Amino acid sequence: MEKHDLPGDWARLSTRHMDILPDGSVHVGCQWQGDLAECPPLLLRFARGQGMRPVPMGADVEARFAGYVGSVATNKAEGLVGLTSPHGDVAVVVEAATGRVLRVTGQEDVCGIAPQRGDFVTSSGLGRFGA
């Protein structure tokens, strides 16, 4: 087990949701409780012996989260990470190995996400499901 600390200027970043891949790397979705103009990356990757690495999704994609990741899930078979934001009405899929954004999907009040064959399924507070 390793311990990791966030940088001091990220004191308002709350690590909330996580999932682990077969290689042992952990992806963590965060919530920012400060000025959105100062929001750090909301997806972090931790790997044994490598420390913490922010997963930059690009300013346009990160802004859509409105400082809030509601859920994180990994699709272990496909090497994907999915994350959602009900505050931003968005679901994003990234390639775990590279952090490359593969898909950005708008879905009102989306928060739940779980792996399914080859992809993810999402759910919203409005009772809607999507892929």
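Which residues does threonine 122 touch, not counting residues up to four places away in sequence?

Modeller: Quick housekeeping before the tour. This is a predicted model, where local features need pLDDT of at least 70 and side-chain atom pairs count only at pLDDT 80 or more, while totals for chains, interfaces and linings use all residues. Residues are numbered from 1 along each chain as its sequence is written, and side-chain values use heavy atoms, with hydrogens and water left out.

Now to your residue. Leaving out residues up to four places away in sequence, threonine 122 touches Thr84, Ala91, Gln107, Val110, Gly112, Ile113, Arg128, Phe129 and Gly130, where contact means heavy atoms within 4.5 Å. With a relative accessibility of 7%, threonine 122 counts as buried; the scale is under 20% relative accessible area for buried, over 50% for exposed, and partly exposed in between, with a 1.4 Å probe and protein chains only. Its side chain makes a polar contact of 2.6 Å with the side chain of glutamine 107. Here a polar contact is a pair of N or O atoms within 3.5 Å; within protein, one must be able to donate a hydrogen and the other to accept it, and residues adjacent in sequence count only if both atoms are side-chain atoms.

Threonine 122 sits in strand S10, residues 119-124. Helices (H or I, at least four residues) and strands (E, at least two) are DSSP runs, numbered from the N terminus. S10 belongs to an open sheet of 3 strands, ordered S9-S10-S11 with antiparallel pairing; two strands pair if DSSP finds at least two bridges between them. Strands S9 (110-116) and S11 (129-130) are at the edges with a single partner strand each, so one side of each has no neighbour in the sheet. S9 and S10 run antiparallel and are joined by 6 bridges, and glycine 112 has serine 123 in S10 as its bridge partner. Also in S9 is glutamine 116, which is partly exposed at a relative accessible area of 34%. The C-alpha atoms of glutamine 116 and glutamate 78 are separated by 9.8 Å, though the two are 38 residues apart along the chain.

With 6 of its 6 residues (80-85) buried, S6 is largely enclosed by the rest of the structure.

S5 (residues 71-75) pairs with S6 in the antiparallel sense over 5 bridges, with valine 72 partnered by leucine 83. The hairpin of S5 and S6 has 4 residues between the strands, and glycine 79 takes a positive phi near 70° there. S5 is mostly covered too, with 5 of its 5 residues buried. S7 (residues 90-95) runs antiparallel to S6 and is joined to it by 6 bridges; serine 85 stands opposite valine 90. This hairpin also puts 4 residues between its strands, with aspartate 89 in the turn at a positive phi of about 55°.

Finally, the cores. A nonpolar core is a set of buried Ala, Val, Leu, Ile, Met, Phe, Trp, Tyr and Cys residues joined through side-chain atoms within 4.5 Å. The largest one has 23 residues, and Leu13, Leu42, Leu43, Met57, Phe65, Leu83 and Val92 have the most contacts inside it. Strands S2 (26-32), S3 (43-47), S6 and S7 each give two or more residues to this core, and S2 gives the most, with 4 residues. Apart from this core lies another, of 5 residues, among them Ala73, Leu80, Ile113 and Phe120.
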